[in-house]
Amino acid sequence: AAGAILGAMLGGPFGALFGAQIGASVGSARAFDKAKEEEMRRMGITKEMLEMAEDCGVALEQAMEGLKATRDSFETQQAFARRLDSDANKLYEQAKTAMAASDEEKARVLLTERQGVQEKLKRTLVTCAEARKRLEQQEENVAALEGRAMEVESLLRRGVGAKALENSSNQFSLSDEDPVLKKFRDLGID
């Protein structure tokens, strides 16, 4: 709870959500302390609003971790495909050298090996394309969660702003009657 409030004040757009997430990992599972609960109520943040922010923060954090893992997998597949392509090119160059040296048997073995590497490269490229689709989907998911996080932050800010406006209106409310006239009336002077 305190992490969300502090995060909102210091962290910018996603500060409240990340602060809430930090608070969750530190121990928000414990019952709310009365003083903290009163402070949140005073600021216009309900327990439900905070839970929503924490849930959104957790989902966003998990999506970001998933995005990193998906990106790492995609990059690994790309690196493997580049290595296979390089291996196939080297085998071809070696086969050409063997043919130039009139070693047809060695050239045939190298070209057969190259064909196996090229088949593996084709399978790897298909896997790369699938990994790319997963990466794009994960990026879309993260963007959607970031949008939701902005909505939740906006809700929190509106709640705090509305409560601040209510508090300031109550503190500075003017009475309907002039205090001097009221005093005269109380003294019996009309």
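**Entry 1: Asp 72 and Lys 68**

I looked up Asp 72 and found it partly exposed, at 34% relative accessibility. The model is a predicted one, and I read the values that follow as computed from it. I then checked the partner of Asp 72: its side chain meets that of Lys 68 in a salt bridge, 3.0 Å from N to O. Lys 68 counts as exposed, because its relative accessibility is 52% and the cut-off for exposed is over 50%. I placed both residues in helix α4, which covers residues 47–100. Lys 68 and Asp 72 are 4 residues apart there, about one turn of the helix.

**Entry 2: Arg 71 and Glu 139**

I next took Arg 71, whose side chain forms a salt bridge with that of Glu 139 at 3.3 Å, N to O. Arg 71 belongs to helix α4 and Glu 139 to helix α5, so this pair ties together parts that are 68 residues apart in sequence. I noted Arg 71 as partly exposed, with a relative accessible area of 31%. Glu 139 is also listed as partly exposed, at 32% relative accessibility.

Is Glu 153 buried or exposed? I found Glu 153 buried, because its relative accessible area is 7% and buried means under 20%. Glu 153 sits in helix α5, residues 104–171. I recorded a salt bridge between the side chains of Glu 153 and Arg 157, at 2.8 Å from N to O. The two side chains are also listed as making a polar contact, at 2.8 Å. Glu 153 and Arg 157 are 4 residues apart in helix α5, so about one helical turn separates them. For Arg 157 I noted a relative accessible area of 44%, which means partly exposed.

**Entry 3: Salt-bridge count**

How many salt bridges does the count come to? I have 9 salt bridges by the rule used, among them Lys 68 with Asp 72, Arg 71 with Glu 139, and Glu 153 with Arg 157.

Ile 189 is partly exposed, with a relative accessible area of 47%.

Methods:
Residues numbered from 1 in each chain as written. Predicted model: local features only at pLDDT ≥ 70, side-chain atom pairs only at ≥ 80, totals over all residues. Heavy atoms only, no water. Buried < 20%, exposed > 50% of the residue type's maximum accessible area, 1.4 Å probe, protein only. Helix = DSSP H or I, 4+ residues; strand = E, 2+ residues; numbered from the N terminus. Polar contact = N/O pair within 3.5 Å; in protein donor to acceptor, adjacent residues only side chain to side chain. Salt bridge = Lys/Arg side-chain N within 4 Å of Asp/Glu carboxyl O.
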